[in-house]
Amino acid sequence: MRLRQLLLPLLAAPLLTACVNDGATYKIDDTREHVLSLIREQPYFWDSKANFYLIVSRMPACMRRHSIGSVPANTKVEIYQVPSGAFIVKAGKKMFATETQTCESFAKMDEEPPEGMGTLMGTFRVKKGELVFVKEEKGADAADE
């Protein structure tokens, strides 16, 4: 009986380590009060997909959690800002529009807007197994051309 009690946690440990529950934050104006945060939850190690949630926050005025849905756990999530100040969130083929004035608007988009995606602010991606936000370097587009 004692041996079973010792072995059970050791056998369960690999199952728990494969699960993912992490997040990363994009600081819109370099403060902790105005941010977009991405949460990634993969409750089962055998599932290659994870549930993604976007936290839209402009404290102390508003904060909301919106579901992006289930996508592959290593999906890159791009953040674009349009001239109006709203944001376009692109996770794989899924796209959403959101804003930080009331934090309530979160609409699925079927296609890119005719006026364009706006300015790429950065990308949430997995690096060394962890979700991070990689800010877009200014002038990177000019260097690529």
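Student: What makes a polar contact between the side chain of T100 and the side chain of H34?

Tutor: The two side chains come to 2.8 Å, and a polar contact is a pair of N or O atoms within 3.5 Å, where within protein one must be able to donate a hydrogen and the other to accept it, and residues adjacent in sequence count only if both atoms are side-chain atoms. The distance of 2.8 Å is within that limit, so the pair is called a polar contact. This is a predicted model, in which local features need pLDDT of at least 70 and side-chain atom pairs count only at pLDDT 80 or more, while totals for chains, interfaces and linings use all residues. Residues are numbered from 1 along each chain as its sequence is written, and side-chain values use heavy atoms, with hydrogens and water left out.

Student: Why is T100 called buried?

Tutor: T100 has a relative accessible area of 3%, and buried means under 20%, exposed over 50% and partly exposed in between, with a 1.4 Å probe and protein chains only; T100 is therefore buried. T100 sits in the loop between β7 (94-98) and β8 (106-109), where strands (E, at least two residues) and helices (H or I, at least four) are DSSP runs numbered from the N terminus. Not counting residues up to four places away in sequence, T100 touches I28, H34, L36, V56, R58, C62 and F87, contact meaning heavy atoms within 4.5 Å.

Student: Why is W46 called exposed?

Tutor: The relative accessible area of W46 is 61%, which is over the 50% limit, so W46 is exposed. W46 is found in the loop between β2 (34-42) and β3 (49-58).

Student: Which residues touch the most other members of the largest nonpolar core?

Tutor: They are Y26, L36, L38, I68, I79 and F124, in a core of 24 residues; a nonpolar core is a set of buried Ala, Val, Leu, Ile, Met, Phe, Trp, Tyr and Cys residues joined through side-chain atoms within 4.5 Å. The strand β3 gives the most to this core, with four residues. Leaving aside neighbours within four places in sequence, Y26 is in contact with H34, V35, L36, I79, F87, M121, F124 and F133.

Student: How many helices and strands does the protein chain have?

Tutor: The protein chain has two helices and ten strands, and from the N terminus on its elements run α-β-β-β-β-β-β-β-β-β-β-α. Of its 145 residues, 34% are buried.
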